[in-house]
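Please look over the sequence and the model below before reading on.

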Amino acid sequence: MNPFKLPVDELQRKARAVRRRIIQLNAGSPAGGHTGADLSQADILTALYFRILNCAPDRVEDPQRDIYIQSKGHAVGGYYCVLAEAGYFPVDWLPTYQHSDSHLPGHPVRQKTPGVELNTGALGHGLPVAVGLALAAKKDGSKRRIFVVTGDGELAEGSNWEAALVAAHYGLDNLIIINDKNKLQLAGATRDIMNTDPLPEKWRAFGLEVTECNGNDMAEVVNTIESLPQNGKPQVIVAHTEKGYGVSFIQSKAEWHHRVPKGEEIELALEELKDE
């Protein structure tokens, strides 16, 4: 079971703390970061690690643990902040993000960072591996679940849809796919760069069960995940988010895909994210 099981109000406070860490983490990185993507997924990852996932820092090799895969590997900064908050490694490591010889490189690396399950960053790889893990768990009779977060821009990669075919064919109802649908990628809107809409209908056409929610509303995120139907199908949550959510001058602005706060922007962002 999850060692925290936080109620929604505490999860909301935890997500704000995670977002503050994201600002500080990216501001101190010598190689930049992906501030917008880190912020959009913060509520989803906070809900998973502090309430949903059957895993814990002292059970990282437990064969029955749930597995989380950060398929949108460029958003690793937010992932690191959640892992540190949850105790997978010391928070003192966060200021070393992307520094030489750091345990925290610019994309997830299992061999370097405690808690990371899969090396990701080449988009379109996370879901296929998650499908393999889910299929293996089924064959082993394991009760573990496999969770994977993808970006919406990432879904232009065809490997995701091949994986969806396999997941549906084998009835992998232990697989939960969460689309962080923040509607921006690289330098513009996903609909203009490579339109993947309508996403819910696409997933359903491949044989998966789809639920939609506001991915920046903690109560909705928790209720959606905890209410997923048990109907023999893989589950997809299309989580509608805003890139850069939580900081007004970052939110929904494409230029923050690969930009970090500097100077007074740091203090302005932290002020907006202070505890209410």
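**Overall fold**

The chain folds into 10 helices and seven strands. Helices here are DSSP runs of H or I with at least four residues, strands are runs of E with at least two, and both are numbered from the N terminus. The chain has a radius of gyration of 17 Å, close to the 19 Å that the globule rule gives for 276 residues, so it is as compact as a globular protein of that length. That radius is taken over C-alpha atoms, and the globule rule is 2.2 Å times the number of residues to the power 0.38. Along the principal axes, the C-alpha atoms of the chain fill a box of roughly 50 × 45 × 35 Å.

The model is predicted: local features need pLDDT of at least 70, side-chain atom pairs count only at pLDDT 80 or more, and totals for chains, interfaces and linings use all residues. Residues are numbered from 1 along each chain as its sequence is written, and side-chain values use heavy atoms, with hydrogens and water left out.

Of the 276 residues in the chain, 53% are buried. Buried means under 20% relative accessible area, exposed means over 50%, and partly exposed lies in between (1.4 Å probe, protein chains only). Among contacts (heavy atoms within 4.5 Å) with a separation of 6 or more, 77% are between residues 24 or more positions apart.

Two packed helices are described by the angle between their axes and the distance between the axes. Axes are lines fitted to C-alpha atoms, for helices over the stretch in contact, and angles run from 0 to 180 degrees between N-to-C directions. Angles under 35 degrees count as roughly parallel, over 145 as roughly antiparallel, 65 to 115 as roughly perpendicular and the rest as oblique.

The axes of α3 (residues 42-52) and α4 (residues 76-85) come within 10 Å and cross at roughly 25 degrees. That makes α3 roughly parallel to α4. On the α3 side the contact is made by L45, T46, Y49 and F50, and on the α4 side by G78, Y79, V82, L83 and E85. By class, this contact has six nonpolar, two polar and one charged residues. In this scheme Ala, Val, Leu, Ile, Met, Phe, Trp, Tyr, Cys and Pro count as nonpolar, Asp, Glu, Lys and Arg as charged, and the others, Gly among them, as polar.

Helix α1 packs on α4 at an angle of about 125 degrees, with the axes 9 Å apart. That makes α1 oblique to α4. K14, A17, V18, R21, I22 and L25 of α1 meet G77, G78, C81, V82 and E85 of α4.

R16, R20, I23, Q24 and A27 of α1 contact I266, A269, L270 and E272 of α10. By class, the contact of α1 with α10 has five nonpolar, one polar and three charged residues.

**Single residues**

D66 is found in the loop between α3 and β1. Is D66 buried or exposed? D66 is buried, with a relative accessible area of 5%. Its C-alpha atom is separated by 5.0 Å from that of R145, 79 residues apart along the chain. Leaving out residues up to four places away in sequence, D66 touches I52, L53, N54, C55, E117, R144, R145 and F147.

T150, in strand β2 (residues 146-151), is buried with a relative accessible area of 0%. Beyond its neighbours within four places in sequence, T150 is in contact with S71, K72, L155, I177, I178, N179 and D180.

The loop between α4 and α5 (126-140) holds Q98, and D101 is in the loop between α4 and α5 as well. Phi of Q98 is near 65 degrees, a positive value in a residue other than glycine, and D101 has a positive phi of about 65 degrees although it is not a glycine. Q98 is partly exposed at a relative accessible area of 21%, whereas D101 counts as exposed at 77%.
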